[in-house]
Amino acid sequence: MLNRVEAEIGGKTISIETGKIAKQATGSVVVSCGETVVLITAVCGESKPEAGFLPLTIEYQEKLASVGRIPGNYFRREIGRPSDNEILTCRIIDRPMRPLFADGFCAETQVIATVLSADQEIQPDMLALTGASCALTLSDAPFNGPVAGARVGFVDGEYILNPTVSELKNSSMDIVVACTRKAVVMVEGKADELSEDEILSAIFYVFDQVQPLIDIQEELQKSAGKKKREVESVQIDEALQAKVREIAASGMENVFNTSDKLERQDVYRGLKAEVVEALDPEGERAREIGDLLSAYKKSYMRQKIADTELRIGGRKFDEIRDIACEAEYIPRAHGSALFTRGETQALVSTTLGSERDKQRVETLNGEEMRRFMLHYNFPPYCVGEARFLRGPSRRDIGHGTLATRGLEAVLPSEEDFPYSIRVVSEILESNGSSSMATVCGGSMAMMDAGVPLKRPVSGIAMGLIKEGEKVMILSDILGDEDHLGDMDFKVVGTCDGITALQMDIKIDGVSRDIMGTALTQAKDGRLHILSEMEKGISEARDGVVDHAPKYFVHKINPDKIRDIIGPGGKIIKELSAEFDAKIEVDDTGLVKMFALNGTLAEALVEKVKAITAEAEVGAVYKGVVKTIKDFGAFVEILPGTDGLVHISELDHKRVAKVTDILKEGDEIEVKVLDVDNRGRIRLSRKALLEK
């Protein structure tokens, strides 16, 4: 039976219906707004408690048929690998949903969101997020939702909920927020150096506005929802748990006080072996003991931080790890930087390219050309592991996109700096916040490459531990602190404001005051990191390095475009081959020249100037006699440009025959007397001779 509910938020009506299509899925809904329609299905398999975790998979698919287009690839179909945007949307859906499943639920669960129709103004990703929550809410999965999501923009000092694609072009903010009935659970987006107060107000503006979407999901669940599965609570052997804690207590203190990550891991492994040997020499309950020890480690460290107000290794809550910065680390890169913060290290390079090096991306809104690219790589050795090298993971793409958003806000305009820019971050060591190290290293590497950034950018990862009524906000968190904490909050920005942020909350929620305090503490940390980065490089270098490609722009008379193109493109092809360059000419006469080094670039510019130069009245040129006539001589003063020296302008004395003075092939200096409205040039040799 068809069930349909709807709510109006941000001046737009969002409807959710179920019971008409995809009825064999455990839960399925169609979410619509305008002419944008998304089908979301949820399927839950048999429970497998032995797995010990929730095997949840989130998929998001953009079908080009939804906008009436045929894919542009060779196969003319959506290929298997999802696009970056599809991966990022999957992550946005996954992060708020995953923590809301009941503990102990281990059934394989898959959510698939498919864009059926897209009107290219209302974006489908937020409909997919809300629809994923609704499909799970209607299913028999023990999902403690619902969740609602929305995007917020900021135009002329006003917040706009779910702005259209057109409205986003004028927005200084593009932030996605996911909320439950009680709290904000996920934030991700970018901003144009906005203040902490403006960002905080935007987040809670969304929280207030999306509550009707929670209402209609609960309404739909009452009429069409399935009975939830019962999940057996995990039975804990309390006697064994007590013995684990008793044996491990003194050793856990040593784990907590060990600063070095690898050494701390070794100490913990030794403690685990000791506990297992003491309680289960035969190894029959080794896994159970390991799980109890892991849980004890988490509770011990949280309580230790609360009691001592010191973190792992003895740091204070707002203390940043030691930072070392070095620019120009890779000799032949156009720009590079080595950024180290504690045990996290990123080697970042910048490569400059031409307009043809832009990335072509096929989206629902058509083909996009992206001038700035940032690629984040997380090789196994950075965490001391040995595993197969694969393509970029969803995590790699997510971290790289966060860094991209943080740096895009300070890029110079294409008119001021016409290069395409590729930044590559290789994580050499990782112990928390490698994406933020990428931001810092990326800012330094671009300045080292001569990219005139508006301002340097840094990033910091914040954490939160809430024990009872005590709230502890941690700056620059370690990997272990991320694992045992209640919030992961990454903030990117300049000295003037925030450019990107990403937040995931693992508990029921945090208040506006706590989140505001976290943003303020993040700002202090961000400014400290910027001051450390200045020791490596404080501003963009003046010009690009000698071995970097050189970009020159020269404006010519549009009437001269044919001279530089030549018949069938002959001239421009010859120039490209001679100078190993890329040359582009637009209809306005703007010539963009991109050569591999400065010497070739300067020579190419001079050649283009010579080909397209126009004769100036009063100017003196050294030309070559091309043709002799009875009435004078035609002299080529510029490539492809001839002028006439009349016989009367050859000498002060009377000249009987032109050949008495000149012959074809002679080089002579002439002065331009006049250029008529038909472009005919009158030259004089006589004007340069003494009487």
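Leaving aside neighbours within four places in sequence, which residues is Asp396 in contact with? I started my notebook there, working from a predicted model.

**Entry 1: Asp396**

I found Asp396 in helix H9, which covers residues 394–408. Setting aside the neighbours within four places in sequence, I got Tyr376 and Phe378 as its contacts. Next I looked for a charged partner. Asp396 is buried yet has no salt bridge. The nearest side chain of opposite charge belongs to Arg395, and it sits 4.1 Å away. The cut-off for a salt bridge is a nitrogen within 4 Å of a carboxyl oxygen, so I left Asp396 down as buried without a salt bridge.

**Entry 2: the whole chain**

I stepped back to look at the overall build. The chain has 15 helices and 29 strands. For 691 residues, a compact globule would have a radius of gyration near 26 Å, but this chain comes out at 34 Å. I also took the span of the C-alpha trace along its principal axes, and it is about 125 × 60 × 45 Å.

Then I checked burial and surface. Of the 691 residues, 51% count as buried. The chain exposes about 32,500 Å², and carbon and sulfur atoms supply 48% of that area. For contacts between residues at least 6 apart in sequence, I noted that 70% join residues at least 24 apart.

**Entry 3: salt bridges**

How many salt bridges does the count come to? I got 48.

I began with Glu188 and Arg95, whose side chains meet in a salt bridge at 2.5 Å, N to O. Glu188 is in strand E10 (residues 184–194) and Arg95 is in helix H1, so this pair ties together parts that are 93 residues apart in sequence. Both ends are out of the open: Glu188 is buried, and so is Arg95.

Strand E10 came up again with the next pair. Arg455 forms a salt bridge with Glu193, with the closest N and O atoms 2.6 Å apart. Here the link is between distant parts of the chain, 262 residues apart: Glu193 belongs to strand E10, while Arg455 is in the loop between helix H10 (434–448) and strand E18 (458–467). Is Glu193 buried or exposed? Its relative accessibility is 16%, so I wrote it down as buried. Arg455 has a relative accessible area of 25%, so it goes down as partly exposed.

Asp676 counts as partly exposed because its relative accessibility is 22%. I also traced a network: salt bridges that share partners join Arg311, Arg315, Arg321, Arg341, Asp476 and Glu481.

I found a cis peptide bond from Gly145 to Pro146, with omega near 0 degrees. Pro146 is in the loop between helix H2 (125–138) and strand E7 (148–155).

Asn162 is not a glycine, but I read a positive phi of about 45 degrees for it. Its loop runs between strand E8 (158–161) and helix H3 (165–168). Asn162 counts as buried because its relative accessible area is 16%.

Asp580 is another non-glycine with a positive phi, this one about 50 degrees. I located Asp580 in the loop between helix H14 (570–579) and strand E23 (581–585). Its relative accessibility is 46%, so Asp580 is partly exposed.

**Entry 4: a nonpolar surface patch**

Which residues form a nonpolar patch on the surface? I have Tyr74, Phe75 and Ile79, with about 440 Å² of accessible area together. I followed up on Phe75, which lies in the loop between strand E5 (56–62) and helix H1 (84–97). At 61% relative accessibility, Phe75 is over the 50% cut-off, so it counts as exposed.

**Entry 5: Glu669**

My last stop was Glu669, in strand E28 (residues 667–675). Not counting residues up to four places away in sequence, Glu669 touches Val620, Tyr621, Lys622, Arg685 and Leu688.

Methods:
Residues numbered from 1 in each chain as written. Predicted model: local features only at pLDDT ≥ 70, side-chain atom pairs only at ≥ 80, totals over all residues. Heavy atoms only, no water. Patch = residues over 30% accessible without salt bridge, like charges linked within 9 Å, V, L, I, M, F, W, Y side chains within 5 Å. Areas by Shrake-Rupley, 256 points an atom, 1.4 Å probe, with all protein chains shown as cover. Helix = DSSP H or I, 4+ residues; strand = E, 2+ residues; numbered from the N terminus. Buried < 20%, exposed > 50% of the residue type's maximum accessible area, 1.4 Å probe, protein only. Rg over C-alpha atoms; globule rule 2.2 N^0.38 Å. Contact = heavy atoms within 4.5 Å. Lys, Arg positive; Asp, Glu negative; His and termini not counted.
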